[in-house]
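User: I would like to learn how to read the features of a protein model. Can you take me through one, feature by feature?

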Amino acid sequence: MTTYTFPEHFLWGAAASGPQTEGTDYKLHRSIWDSWHANQPERFFQGIGPEKVCETLHRYKEDVSLMKNIGFNSFRTSIQWSRLIEDFETGKPNAEAVRFYHDYFDEMIAHGIEPMINLYHFDMPETLQNQYGGFESNHVTDLFALFAKTAFELFGHKVKYWITFNEPIVPVEGGYLYDFHYPCKKDGKLAAQVGFNIMLAHAKAVKCYRELNLSGEIGVVLNLTPTYTRNDSPEDQKAAWYADLLFNRSFLDPLVKHQFPKELCKLLATHNCLPEITQADVSLITDSRVDFLGVNYYVPRRVKAREAQYTLDYFTPEFYFENYIDPDGRFNPYRDNNEILPQAIYDIAANIRDNYGNIKWYLAEIGIAMDLDSEGPVQPDGIIDDSFRISLMKEHLVELHRAITDGANCFGLHHWTFIDNWSWINSFKRRYGFYRLDLSTGERQIKRNGLWFKALAQDNQFTYEVNPL
């Protein structure tokens, strides 16, 4: 058995978001998820929407206590734009929402849990989507900056880690390329515009934070999915290069390396997809500096050179490659047979170390999905047996530890998620939590993976037999 010890003061915890946990009680405004579910509930697994979910709004004290019980020293969630802000055009806050977020953050801090607070987790206010097109509009980037400034002024003296956006490429993919987020458009040029404007909104929020001279740090969370090829042929390697450019470097280079890839600009111009921009906006983005990077990772991306003709009448990244399934890969039988590749953690870390100035970063989301049936019932000892997760998490942590040993500047890990929470159009189809959520009663029930994580967090280390016989 080998013992893997992590750096002193390593952050251990979990990630979630406001719209996936809070419920919609006492919100003055609807988000696009609230209105989309109201209009098209059939798009959501079992018709379940965000109205109730985990009821964190009412049960946050109980939840913070449960976090502490499994060793958390940190937790990421988000402030809902549609909850906090009463007047979007001025940034005026809602007093009741202010009280809730103060109480929630204070409860974490009182229990020794560092709140890491994200400002945008896919939840555009409905009014701003309908009136302006959401992040299709430059004006909405200014309104986002007003929202951010309000949050910083209200909570910046107690929140030391701020995040502007979680996975900013996902609203681009889901809302403007692949039809799994509202507004369900399929338009390559609009996708590029939204991507650029999200980066602009990020930069404006960072500027507000710097001007307030607060003592904390601000960053962004990106889902960086390593790209692997079918083989080493030049054609497959080129396909992987395109996938990495479009899915990873498109946000990582401007926000961390402070430059837009010239190859990306040429590619978008070729497809008539260049966004409408000004040089001042470009400079605002490239001059912006983050203090840390968050990285979300679940599964690798595998591609091969295109063999079939591209048939869509609008541009998507798949113009340059086809997705590929490794016939010799390992797959999760409990989540759509998604591939399991712990090595990707090391590859992500090495890329950040070698190509992005070894910026300080943390693993902001990692999780193993299982459905309710595969987790099984509560055992006689009162624990749900999800041991499948434990062995896989150990494998991923071995790779993270190896990366840190080799110089990666990683300062923490957050599991997705704390309690089984609502997940967009998948609702509660996939379960990830340390605690099971009973949708009928709201009860939180501990899983074996949560108890294992408690020992990991408290000891700051774990043991693992690397090559079991």
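This is a predicted model: local features need pLDDT of at least 70, side-chain atom pairs count only at pLDDT 80 or more; totals for chains, interfaces and linings use all residues.

User: Start with sheets. Which strands form the open sheet, and in what order?

Analyst: Read the strand order, then the pairing sense. Here three strands line up as E9-E11-E12 in an open sheet, with mixed pairing. Strand E9 (227-229) and strand E12 (322-323) each have a single partner strand, so one side of each has no neighbour in the sheet.

User: How many bridges join E9 to E11?

Analyst: Three, and E9 runs parallel to strand E11 (residues 301-304).

User: Which helix lies across E9 and E11?

Analyst: Helix H10, residues 234-257. Its direction is at about 135° to E11.

User: What pairs with E6?

Analyst: Strand E3 (residues 74-78) is joined to E6 by five bridges, in parallel. Across that pairing, Phe-75 has Pro-115 as its bridge partner. Strand E7 (residues 161-166) also pairs with E6 in the parallel sense, over four bridges.

User: Take a single residue. Is Thr-150 buried or exposed?

Analyst: Compare its relative accessibility with the cut-off, which is under 20% for buried. Thr-150 has 10%, so this residue counts as buried. Thr-150 belongs to helix H7 (residues 138-155). Beyond residues up to four places away in sequence, Thr-150 touches Ile-85, Gly-91 and Pro-93.

User: How should I think about a nonpolar core?

Analyst: In soluble globular proteins, nonpolar side chains tend to be buried together. The largest core in this model has 143 residues. Those with the most contacts inside it are Trp-81, Phe-135, Trp-162, Leu-293 and Leu-400. Helix H9 (residues 188-211) supplies the largest share of this core, 13 residues.

User: What is Trp-162 in contact with?

Analyst: Setting aside neighbours within four places in sequence, the contacts of Trp-162 include Ile-79, Leu-119, Phe-152, Tyr-209 and Phe-292. There is also a second, separate core of nine residues, among them Met-116, Ile-163, Val-221 and Phe-411.

User: On to aromatic rings. How many aromatic pairs does the structure hold?

Analyst: It holds 59. A pair is described by the distance between ring centres and the angle between ring planes. For Phe-6 and Phe-10, the centres are 5.1 Å apart and the planes are at 40°, so the pair is tilted. Both Phe-6 and Phe-10 are buried.

User: Which pair links distant parts of the chain?

Analyst: Trp-33 and Trp-424: centres 4.7 Å apart, planes at 45°, so this pair is tilted. Trp-33 lies in helix H2 (residues 32-39), while Trp-424 is in the loop between strands E16 (410-416) and E17 (435-437), 391 residues apart. Trp-33 and Trp-424 are both buried.

User: What about groups of rings?

Analyst: Follow the pairs from ring to ring. One cluster linked this way includes Tyr-4, Phe-6, Phe-10, Trp-12, Phe-72 and Phe-75.

User: And where do charged ends sit over rings?

Analyst: Arg-301 has its charged end over the ring of Phe-247, 3.9 Å from the centre. The charged end of Arg-402 is over the ring of Tyr-346, 3.7 Å from the centre.

Terms used
Residues are numbered from 1 along each chain as its sequence is written. Side-chain values use heavy atoms; hydrogens and water are left out. Two strands pair if DSSP finds at least two bridges between them. Helices (H or I, at least four residues) and strands (E, at least two) are DSSP runs, numbered from the N terminus. Contact means heavy atoms within 4.5 Å. Axes are lines fitted to C-alpha atoms, for helices over the stretch in contact, and angles run from 0 to 180 degrees between N-to-C directions. Buried means under 20% relative accessible area, exposed over 50%, partly exposed in between (1.4 Å probe, protein chains only). Rings of Phe, Tyr and Trp (its six-membered ring) pair if their centres lie within 6.5 Å; planes under 30 degrees apart count as stacked, over 60 as edge-to-face and the rest as tilted. A charge sits over a ring if NZ of Lys or CZ of Arg is within 6 Å of the ring centre and within 35 degrees of the ring normal. A nonpolar core is a set of buried Ala, Val, Leu, Ile, Met, Phe, Trp, Tyr and Cys residues joined through side-chain atoms within 4.5 Å.
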